[in-house]
Amino acid sequence: MKRTNLFSLTPLALLALIACKPAVDTNAIKPVIITEAVKYDTDDPAIWVNKADPAKSLIIGTDKDADGALYVFDLQGKIIKDKVVRGLHRPNNVDLAYGLMLGGKPTDIAITTERISHKLRIYSLPDMKPVDKGGIDVFVGEIGMEYRDLMGIAIYTAKDGKMYAIVGRKNGPKTGGYIWQYLLGDDGTGNVKATLVRKFGEYSGKKEIEAIAVDNELGYIYYSDEQTGVRQYYANPAKGNQQLAIFGTTGFKADHEGISIYKLTDSTGYIMVSDQGANRFQIFSREGTKQNPFEHKLLKVANVQATQSDGSDVVNVPLNDTFKHGLFVVMSDDRTFHYYRWEDIAGKELKVK
């Protein structure tokens, strides 16, 4: 969703915008921390858990602009200035994974989509050093309008250890092939290479596909077909390209956006989808029913104080005294990210790990 740059408005236009802007829902779930603001336009976060010291875990978030950046925050919402990656060309979404073998060593990585250059940009964690030789071209050969303008990204780590980038874009074909999947590996120099393994995914044509999430344990890919629903596919290329389900097709005010998966066990939990225009998350069952393993029932609607949220991420592990049962991070259109405790999101309706 395109958002207004407040710094470009005249004082009169700014007052008019404020007058029209709906008030914050005082009954909404409150974040315990709001981060320091980025320079331009927050869009999507990812949570890196420091397994040696969870209290030193990091939040990586995009600042979506032609002069954009990847920001790095601590659990108190403070920007870690020496880790910020600047000079990126409209970074859109970001995801991360643990233990890609680079130079013979397991390396945690963060990947962001750089829309203007049509490249994946990849950095090692937690030092945020580039491991991509300046970026990896994707959607090579596509010539349709905005067919190479990168947006969504999710990383699938298979049970055999192989790691894949699942990449979306601003526009693409309707009948399959909107999403491309790349196998990640070492190029022989300790940097990442990406090999195209398949093209899949239906598209309504109504707006765009931005949010992508992967369930590693169950082996599924989910993506938000905005103003239509959430589509589900197998993550393993060998299992084919048939759509398994589409859910959340009713009850959304406007765009279907960020998707996050809170895991209670390896097979149970919750799929959280941003109902962007309503400043809320619709929460569905991760597991299906006995009759249909791909039926995801709506369990709760959680109103949040973050506004017009594009992206989110969630983890289920205790991080510190504030986040004892997990952390839910939500982008807000005031250039910040909001941190929520999982138990506040869960309330009485959902379970806490």
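Mentor: A residue is called buried under 20% relative accessible area, exposed over 50% and partly exposed in between, with a 1.4 Å probe and protein chains only. The model is predicted, so local features need pLDDT of at least 70 and side-chain atom pairs pLDDT 80 or more, while totals for chains, interfaces and linings use all residues. Residues are numbered from 1 along each chain as its sequence is written, and side-chain values use heavy atoms, without hydrogens and water.

Trainee: Why does asparagine 92 count as buried?

Mentor: Asparagine 92 counts as buried because its relative accessibility is 0%. Asparagine 92 belongs to strand E6. Of the 353 residues of the protein chain, 54% are buried.

Trainee: How many helices and strands does the protein chain have?

Mentor: Helices (H or I, at least four residues) and strands (E, at least two) are DSSP runs, numbered from the N terminus. The protein chain has two helices and 25 strands. Its radius of gyration is 19 Å, close to the 20 Å of the globule rule for 353 residues, so the chain is as compact as a globular protein of that length. That radius is taken over C-alpha atoms, and the rule is 2.2 Å times the number of residues to the power 0.38.

Trainee: What is the strand order in the open sheet of four strands?

Mentor: Two strands pair if DSSP finds at least two bridges between them. The order in this open sheet is E19-E20-E21-E22, and the pairing is antiparallel. Its edge strands, E19 and E22 (298–303), each pair on one side only. Between E20 (residues 269–275) and E21 (residues 280–285) there are six bridges. Isoleucine 271 has phenylalanine 284 in E21 as its bridge partner.

Trainee: Which residues lie nearest the centre of the largest pocket?

Mentor: On a 1 Å grid over the protein atoms alone, a pocket is an open set of points with protein on both sides within 12 Å along at least five of seven lines; lining residues have an atom within 4 Å of a point. Here 42 residues line the largest pocket, and Val214, Asn216, Lys263, Asp313 and Val314 lie nearest its centre. Among the elements that give two or more residues to this lining are strand E6 (91–102) and strand E19 (256–263). The space in the largest pocket is about 930 Å³, where grid points are joined across faces, edges and corners and the volume is the space filled by probe spheres set on the points.

Terms used: 1 Å grid on protein atoms, 1.4 Å probe; cavity = no way out; pocket = protein on both sides within 12 Å on 5 of 7 lines; lining within 4 Å.
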